[in-house]
Amino acid sequence: MRAVTIKEFGGPEVLTVEDVARPEPLPTEVLVRVHAAGVNPVDWKTRLGHGMAGLQTFPLIVGWDVSGVVEEAGFGVTTLRPGDEVYGMPWFPRAAGGYAEYVTAPARQWARKPATVDHVHAAAVPLAALTAWQALVDTAQVRAGQRVLITAAAGGVGHFAVQFARHLGARVIATASAPRHPWLKELGAEQTIDYTATRVEDAAADVDVVIDLVGDASPRTLKVLRPGGLLVGVPGGVSPELAEAGAAAGVRTTPFLVEPDGPALATIAGLIDAGQVAVEVEETFPLERAAAAHLRGEAGRTRGKLVLTT
Ligand SMILES: NC(=O)c1ccc[n+]([C@@H]2O[C@H](COP(=O)([O-])OP(=O)(O)OC[C@H]3O[C@@H](n4cnc5c(N)ncnc54)[C@H](OP(=O)(O)O)[C@@H]3O)[C@@H](O)[C@H]2O)c1
């Protein structure tokens, strides 16, 4: 099968398409023919030797987000069968080998693909949407009426977080550059802050939950939280200084790492199919142009997601 492999950490030029052996499903696993693979910041962070690099071995096939069709079900699998359309973020933070024509993974780390979107849009969902869902629902336990601040709201995770927080009944404050504000309001943001012109702590207050997707939260940022409020530090966790400042200010801070979660993906597929959550794909690239996709993503300006097609 064709796969984008890397043999050393480095710039986008280390991503090369090669012919490699097709994986075989073990008992409880399915083999999935990949139609599209989502691109995420952790992909290029790992390629550079950061991110999840310490857990990987060479040759490495990067990528965790996949949408495709079950080709073969291993012994013992009763929930999926050949021909089923599935999507998932299997194996994370171990390698999943998503930038390839085939992936094997435990059956229960997949869910049925949302029926109303194509594979490109389905592949844009798993890692970003699971991050938003797990951070808001499992970690912060957001309730109706709470005020939720989401930074980098126009990106992959952010645009799902805005919609999920709104779905949970929260009042959403979103940071993004000004041209993205009308779109974020359509997605459910009540207030938008142009981070290029205004400091967030000058524009937001009495916030229950901050979902920090920029990774630049400082003790000043904590001033937006009401007493007992929570900051979820999504990129890079929470520094000891920030945790200390939070404790001194009477607010909570927590690091966060997304986990494979088939049942949550099934719930998310239901929201997409019910028309309650939209999936934004800015651009698609063929597998051969994975390096161009990484260059584009690393610029940090993506609206929604970038996706590779096989
Ligand atoms: N811990 C975990 O489990 C986990 C899971 C997923 C993601 N992450 C991390 O979370 C971060 C976000 O991921 P992502 O996939 O959403 O990234 P992304 O899609 O690449 O984010 C791009 C967006 O960031 C916005 N942005 C850039 N700088 C900003 C700033 N200073 N303030 C506000 N918005 C800004 C841009 O908006 P404008 O164009 O409007 O500037 C753009 O829309 C990444 O660092 C990623 O590695 C961690």
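Reader: In this predicted model, is F160 buried or exposed, and what is its relative accessible area?

Author: F160 has a relative accessible area of 0%, and since a residue counts as buried under 20%, F160 is therefore buried.

Reader: Where do F160 and F164 lie, and how are their rings arranged?

Author: Both residues belong to helix 4, where they are four residues apart, or about one turn of the helix. F160 and F164 form an aromatic pair with 6.0 Å from centre to centre and 20 degrees between the planes, and as planes under 30 degrees apart count as stacked, this pair is stacked.

Reader: How many aromatic pairs does the structure hold, and why is the pair of W133 and F164 called edge-to-face?

Author: The structure holds four aromatic pairs. An angle over 60 degrees between the planes counts as edge-to-face; the rings of W133 and F164 have their planes at 90 degrees, with centres 5.2 Å apart, so this pair is edge-to-face.

Reader: Which parts of the chain does that pair link, and are its two residues buried or exposed?

Author: The pair links distant parts of the chain, with W133 in helix 3 (residues 126-139) and F164 in helix 4 (residues 156-167), 31 residues apart. W133 and F164 are both buried, and together with F160 they form one aromatic cluster.

Reader: Which charged residues sit over the rings of Y102 and W183?

Author: Over the ring of Y102 sits the charged end of R22, at 4.6 Å from the ring centre, while the face of W183 has R303 lying over it, 4.1 Å from the centre of that ring.

Reader: Turning to the second largest pocket, what is its volume, and how many residues line it?

Author: The second largest pocket has a volume of about 300 Å³, and its lining is made up of 16 residues, with I61, W91, A95, A96 and G97 lying nearest the centre.

Reader: Which strands supply residues to that lining, and what kinds of residue does the lining contain?

Author: At least two residues come from each of strand 4 (60-61) and strand 7 (102-106), and strand 7 gives the most, with three residues. By kind, the lining of the second largest pocket divides into eleven nonpolar residues, four polar and one charged.

Conventions:
Residues are numbered from 1 along each chain as its sequence is written. This is a predicted model: local features need pLDDT of at least 70, side-chain atom pairs count only at pLDDT 80 or more; totals for chains, interfaces and linings use all residues. Side-chain values use heavy atoms; hydrogens and water are left out. On a 1 Å grid over the protein atoms alone, a cavity is a set of points where a 1.4 Å probe fits but cannot get out, and a pocket is an open set with protein on both sides within 12 Å along at least five of seven lines; lining residues have an atom within 4 Å of a point. Grid points are joined across faces, edges and corners, and a volume is the space filled by probe spheres set on the points. Ala, Val, Leu, Ile, Met, Phe, Trp, Tyr, Cys and Pro count as nonpolar, Asp, Glu, Lys and Arg as charged, and the others, Gly among them, as polar. Rings of Phe, Tyr and Trp (its six-membered ring) pair if their centres lie within 6.5 Å; planes under 30 degrees apart count as stacked, over 60 as edge-to-face and the rest as tilted. Buried means under 20% relative accessible area, exposed over 50%, partly exposed in between (1.4 Å probe, protein chains only). A charge sits over a ring if NZ of Lys or CZ of Arg is within 6 Å of the ring centre and within 35 degrees of the ring normal.
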